[in-house]
Amino acid sequence: MSNPKAGYPDVRTRVRATPEGKLLFVRFTLAQRVEHLVLIVSFTMLAVTGLVQKFSTLELSVFAIRLMGGIETVRQIHHFFALVIIGLSVYHVAHIVHLTMVHKQQVQMWPNRQDLRDAVQMVRFNLGRASSRPRFGRYSFEEKMEYWALIWGTVIMIITGLILWFPIGATEALPGEVIPVARSVHGWEALLAVLAILTWHLYHTVIKTLNKSIFTGVMTEEEMQHEHPLEYQAMMAELQESIVPSPAMTLAPAATLEPELVVVEPDGNGRQRKRNQRQAKAGARPSSRKRNTRQSKATVSAQPGEPDMTIDHQMETAAQEEATDVAS
Ligand code: HEM
Ligand code: HEM
């Protein structure tokens, strides 16, 4: 059960209904959440055990080093978590290769032209020169920037860290100057990364809007509409398509649907037109931009005599597959 367009699992496994009838959108799989948790722990430990060495003359560092059991222990802790972050990086790359090669999923973190347009619009909006914020899909340009900053930052930290860890081996292949250079780059990049996480990342995920999805795995409908409106619309459209599976079933009459129908804006590729044609064939009124509504409880009615089928019911019947995604 996958979306052939992106190699994604069926949308019904990526949208869940609460007992109260609210929709929850799966944003991160369990594996992605555990990955982020391991990243938080290893990055924090590396930052603490590294920075106390870089600023070892500060009173706070002397205190922290003593608290952790002395400088040798501090170095061992640093080396241990260095191995953890190397392992995590290898896993991350292998996982993406697997998802793209085996499951043919699209990598959603690749930057594209739309990101550039969004960035320009965001700057213009912040300067009061654009009337609206850009509307984002799966990942905003800010999230992509953050992700790629982490990627190149980690690559630099691993290379320079290995040089510091194995100086003799490194100077067999490279000139001796590489050691002080690696030390300087490793130390200042560490400071940059810590400041970036504390300001940029935590500002976006905690202060600007409290985003708990990396821990809970899901976003509410309101959060999706606000943070990722394009992805929200695409998922709702897919969901609506997927609940018209048999000729016996049609969408409820327009009059019934009007207040609840999720209408999707055209995506610019003619997909909306095709969808309207398909819906028209199935007897439903085609959706239009005018009838767009923020409410989104889609309902499917069966032919007379058959029980009504709602998304909730569909979701219950959909296999409890883990939705896979490229964190990436
Ligand atoms: C991204 C996370 C990392 C941070 C924030 C970090 C931070 C630091 C800092 C601030 C220092 C002190 C540099 C100085 O004295 O000027 C340091 C030293 C060091 N780091 Fe890292 N580091 C990280 C990752 C790594 C990795 C991945 C490795 C190994 C592959 C590594 C190996 C080392 C080594 C060998 C030293 C020299 C001191 C020692 O032997 O412990 N670090 N680190
Ligand atoms: C307590 C600390 C942290 C919190 C509360 C936090 C929170 C979050 C949240 C909510 C997201 C999901 C954003 C989304 O919806 O796409 C996220 C994503 C991410 N986090 Fe963290 N994070 C923390 C620490 C870190 C650390 C230490 C790193 C790396 C060193 C990191 C790297 C990332 C990356 C690369 C992403 C994916 C890109 C993005 O969506 O922004 N996070 N984090």
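One definition before I start: two strands count as paired if DSSP finds at least two bridges between them. Keep that in mind for the sheet.

Also keep in mind that this is a predicted model. The average pLDDT over the chain is 80, and 72% of the residues reach at least 70. Where pLDDT is low, the predicted coordinates should not be read in detail.

Now the overall picture. The chain has 328 residues, and 22% of them are buried. It carries 13 helices and eight strands. Take the contacts with a separation of 6 or more: 73% of those join residues 24 or more positions apart.

On to the sheet. Three strands form an open sheet in the order β3-β4-β5, and the pairing is antiparallel. Which strands stand at the edges? They are β3, residues 15–17, and β5, residues 218–220. Each has a single partner strand, so one side of each has no neighbour in the sheet. From one strand to the next, the twist averages 35°.

Let's go through the pairings. β4 covers residues 23–26, and three bridges tie it to β3 in the antiparallel sense. On that side, V15 has F25 of β4 as its bridge partner. Five residues sit between β3 and β4 in their hairpin, where G21 takes a positive phi near 90°.

E223 belongs to helix α9, residues 221–227. Is E223 buried, exposed or partly exposed? It has 19 C-beta neighbours inside 10 Å. Buried takes 20 or more, and exposed means 12 or fewer. So E223 counts as partly exposed.

Next, the ligands. Ligand 1 has 24 residues around it. Which come nearest? Those are G50, A82, G161, G187 and A190. Four helices each supply at least two residues of this shell: α1 (30–54), α3 (71–101), α5 (141–165) and α7 (178–208). By class, the shell splits into 14 nonpolar, seven polar and three charged residues.

Ligand 2 has 16 residues around it, and the nearest are F43, E143, T205, N211 and I214. Here α1, α5, α7 and α8 each give two or more residues to the shell. The classes run to eight nonpolar, five polar and three charged.

I214 sits in helix α8, residues 213–216. Leaving out residues up to four places away in sequence, I214 touches F28, R33 and H36. The C-alpha atoms of I214 and E35 are 9.8 Å apart, while 179 residues separate the two along the chain. With 17 other C-beta atoms within 10 Å, I214 is partly exposed.

Where does K104 lie? It is in the loop between α3 and α4, the latter being residues 113–126. K104 has a positive phi of about 55°, and it is not a glycine. K104 has 12 C-beta neighbours inside 10 Å. The cut-off for exposed is 12 or fewer, so K104 counts as exposed.

To recap. The sheet is open, with the order β3-β4-β5. Ligand 1 has 24 residues around it, and ligand 2 has 16.

Technical notes
Residues numbered from 1 in each chain as written. Chains lettered and ligands numbered in written order. Predicted model: local features only at pLDDT ≥ 70, side-chain atom pairs only at ≥ 80, totals over all residues. Axes fitted to C-alpha atoms, helices over the stretch in contact; angles between N-to-C directions. Near = placed C-beta within 6 Å. Nonpolar A, V, L, I, M, F, W, Y, C, P; charged D, E, K, R; others polar. Contact = placed C-beta atoms within 7 Å. pLDDT = per-residue confidence, 0-100.
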